[in-house]
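Work through the exercises below with the sequence and the model side by side. Each task is followed by a solution that goes step by step.

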Amino acid sequence: MTVSKPLPRAMLIDMDDTILSAYGRPEIAWNTIAKEFADELAPLPPELVATTVLAFARNFWANAEAAWRMKLAEARHLTVKGGFAALAAAGHRALPDDLAVRLADRFTAYREEEMFVFPGAHEAIDRFKTLGIKLALVTNGAADMQRAKVERFELAHRFDHIQIEGEHGFGKPEERAYLHAMEALGVTPADTWMIGDNLEWEVVTPQRLGIYAIWIDVHGDGLPEGSTVRPDRIIRSLTELVPDRR
């Protein structure tokens, strides 16, 4: 049972897969796109291509340098090519690089098309603001791409401080990302909650700084098996933090 905790003076809130449904469930997206390209992938089953590309992509992002977050489209080209290479190494048909690029670009476009604000997220943020809580949007990624989301999904006026990695030159989990946001709001770690879907970015480093760290588990998957990370609270929606939700 979650122990009730008074709302803080400030909240640092992640954007992708916290406010927006953005990059969660990549297996669904890759399978959808692979089926669109089924004729060009034949005789390889689309499901096999999707599974192999996703496995390569997950390994890539688990080890990628932060700079790749500024070059998302290029990174996707590399991961699809890597997946194709893995298929060829396993004895399957060699798929051409131009097909990899087109599949990757279609994946990027599909993700943009399917993006949406989670139900109740705008209303929750607006409620926090009316309660006098200082709000900072703290998001990683390229300046143009992330700023476009901020505008498209009407987030700019909802926050006292917008902090995009590509605009500031640093991002989570660098400590200065959180320190800078708190300085902009004029608060201390003891005054602040961090809310987001990434255990390292939104829990591990914030807790080390003394920030109350809330992990948003939108799909209810639970903590990964063997995880030693212990969020201060786990929620599935920002609406759970709104008082008097009845």
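Axes here are lines fitted to C-alpha atoms, for helices over the stretch in contact, and angles run from 0 to 180 degrees between N-to-C directions. Helices (H or I, at least four residues) and strands (E, at least two) are DSSP runs, numbered from the N terminus. This is a predicted model, in which local features need pLDDT of at least 70 and side-chain atom pairs count only at pLDDT 80 or more, while totals for chains, interfaces and linings use all residues. Residues are numbered from 1 along each chain as its sequence is written, and side-chain values use heavy atoms, with hydrogens and water left out.

**Exercise 1.** Describe how helix α3 and helix α4 pack.

Step one: the axes of α3 (residues 46-63) and α4 (residues 72-89) come within 8 Å and cross at roughly 125°. Step two: this angle makes α3 oblique to α4, given that angles under 35 degrees count as roughly parallel, over 145 as roughly antiparallel, 65 to 115 as roughly perpendicular and the rest as oblique. Step three: with contact meaning heavy atoms within 4.5 Å, α3 contributes residues including Leu48, Phe56 and Trp61, and α4 contributes residues including Leu72, Gly83 and Leu87. Step four: the residues of this contact divide into 14 nonpolar, four polar and no charged, where Ala, Val, Leu, Ile, Met, Phe, Trp, Tyr, Cys and Pro count as nonpolar, Asp, Glu, Lys and Arg as charged, and the others, Gly among them, as polar.

**Exercise 2.** Is Gln163 buried or exposed, and which residues is Gln163 in contact with beyond its neighbours within four places in sequence?

Step one: Gln163 belongs to strand β5 (residues 161-164). Step two: its relative accessibility is 2%, so Gln163 counts as buried, a term that means under 20% relative accessible area, with exposed over 50% and partly exposed in between (1.4 Å probe, protein chains only). Step three: leaving aside those sequence neighbours, Gln163 is in contact with Leu137, Val138, Thr139, His168, Phe170, Ala177, His180 and Ala181.
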